[in-house]
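Work through the exercises below with the sequence and the structure open. Each task is followed by a solution in steps.

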Amino acid sequence: MSITEVSAAADELFARYPALRTLPAADLASLLRPQGRLQVPGGGELFAEHSPCLGFPLLLEGTIKVVKSAPNGREMLLYRVEPGGSCIITSSCLLGSSPYSARGVAETPVTLRMLPTPAFDRLLGECPPFRGFVFQLFAERIAALMQRIEEIAFQRLDQRLARLLLGRSTPIRSTHQALAEELGSVREIVSRLLKSFADQGLVALGREQITLLDRERLQGLADAER
């Protein structure tokens, strides 16, 4: 790589993960190698349940969804990883030397760099700034995951659906199945709730499309006492 290419690769990485500026020069050079920059098309699988973990991903572009599958084929979205974020499943696998317990899928085309497991292990032990960076990301993801567990356990499904719809740009282009996976429910129940919303004049339903008609009443439903 030319000096210009190395500089551009470093700028791309630091824009998303500024804490990595503290990496030792040799490790940074290894991470910035052309073959270390990976691209996965939308829908592509990044890791499978029970597969070994090959390294610590650093997401530069796109979105990854991490899902848990049940024996009956149902899936639940655990969380999304966006540029600059981390995957707690991957972190736990690396820290515990265990295989993946969920599946990672490119929700959109993604670009990432992969820090190999040996380098991750060594930097975690020898580089305090890197160790602090990893555990900070780990703590943030744990907090977000605990919030999701609280929502699933203690909030009504209609409230969570209303909040999910309000968080999207309208018209919302999504299947009922995709919404169900994100809510940890099943398509039939989500479809019934959406029909109820439509009957109340809150939304209009189309083919893989939902238009919000009354955001104020939807917000009232989302904020209702549990």
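A residue is called buried under 20% relative accessible area, exposed over 50%, and partly exposed in between. The model used here is predicted.

**Exercise 1. Describe the salt bridge between arginine 122 and aspartate 27.**

Solution. 
- Step 1: The two side chains meet with an N to O distance of 2.4 Å. A salt bridge requires a distance within 4 Å, so the pair qualifies.
- Step 2: Arginine 122 sits in helix 4 (residues 117-126) and aspartate 27 in helix 2, so that the bridge links distant parts of the chain, 95 residues apart. Helix 2 itself spans residues 25-31.
- Step 3: Aspartate 27 is buried at 9% relative accessibility, whereas arginine 122 is partly exposed at 35%.
- Step 4: Leaving out residues up to four places away in sequence, aspartate 27 touches Arg122 and also Leu123.

**Exercise 2. Work out the surroundings of glutamate 182 and its salt bridge with arginine 80.**

Solution. 
- Step 1: Glutamate 182 is located in helix 7, residues 176-183.
- Step 2: Its relative accessible area is 12%, under the 20% limit, and therefore glutamate 182 is buried.
- Step 3: Beyond neighbours within four places in sequence, glutamate 182 contacts Leu77, Arg80, Arg148, Leu164 and Arg168.
- Step 4: With one of these, arginine 80, glutamate 182 forms a salt bridge in which the closest N and O atoms are 2.7 Å apart. Since arginine 80 lies in strand 5 (residues 75-81) and glutamate 182 in helix 7, the pair ties together parts 102 residues apart in sequence.
- Step 5: Arginine 80 is partly exposed, at 25% relative accessible area.
- Step 6: The bridge belongs to a network of salt bridges that links Arg80, Glu107, Arg168 and Glu182. The structure holds 12 salt bridges.

**Exercise 3. Is aspartate 158 buried or exposed, and what does aspartate 158 touch?**

Solution. 
- Step 1: Aspartate 158 has 18% relative accessibility and counts as buried, because the limit is 20%.
- Step 2: Aspartate 158 is part of helix 6, residues 157-166.
- Step 3: Apart from residues up to four places away in sequence, aspartate 158 touches Leu193, Phe197 and Leu221.
- Step 4: The side chain of aspartate 158 also makes a polar contact of 3.0 Å with the side chain of arginine 156.
- Step 5: Glutamate 12 is 146 residues away from aspartate 158 in sequence, and their C-alpha atoms are 41 Å apart.

**Exercise 4. State how domain 1 and domain 2 are placed relative to each other.**

Solution. 
- Step 1: The domain assignment gives residues 3-129 as domain 1 and residues 154-223 as domain 2.
- Step 2: Taken over C-alpha atoms, the centres of domain 1 and domain 2 are separated by 32 Å.
- Step 3: Six residues of domain 1 are in contact with six residues of domain 2.

Notes: Residues are numbered from 1 along each chain as its sequence is written. This is a predicted model: local features need pLDDT of at least 70, side-chain atom pairs count only at pLDDT 80 or more; totals for chains, interfaces and linings use all residues. Side-chain values use heavy atoms; hydrogens and water are left out. Helices (H or I, at least four residues) and strands (E, at least two) are DSSP runs, numbered from the N terminus. Buried means under 20% relative accessible area, exposed over 50%, partly exposed in between (1.4 Å probe, protein chains only). Contact means heavy atoms within 4.5 Å. A polar contact is a pair of N or O atoms within 3.5 Å; within protein, one must be able to donate a hydrogen and the other to accept it, and residues adjacent in sequence count only if both atoms are side-chain atoms. Domain bounds come from an automatic or database domain assignment.
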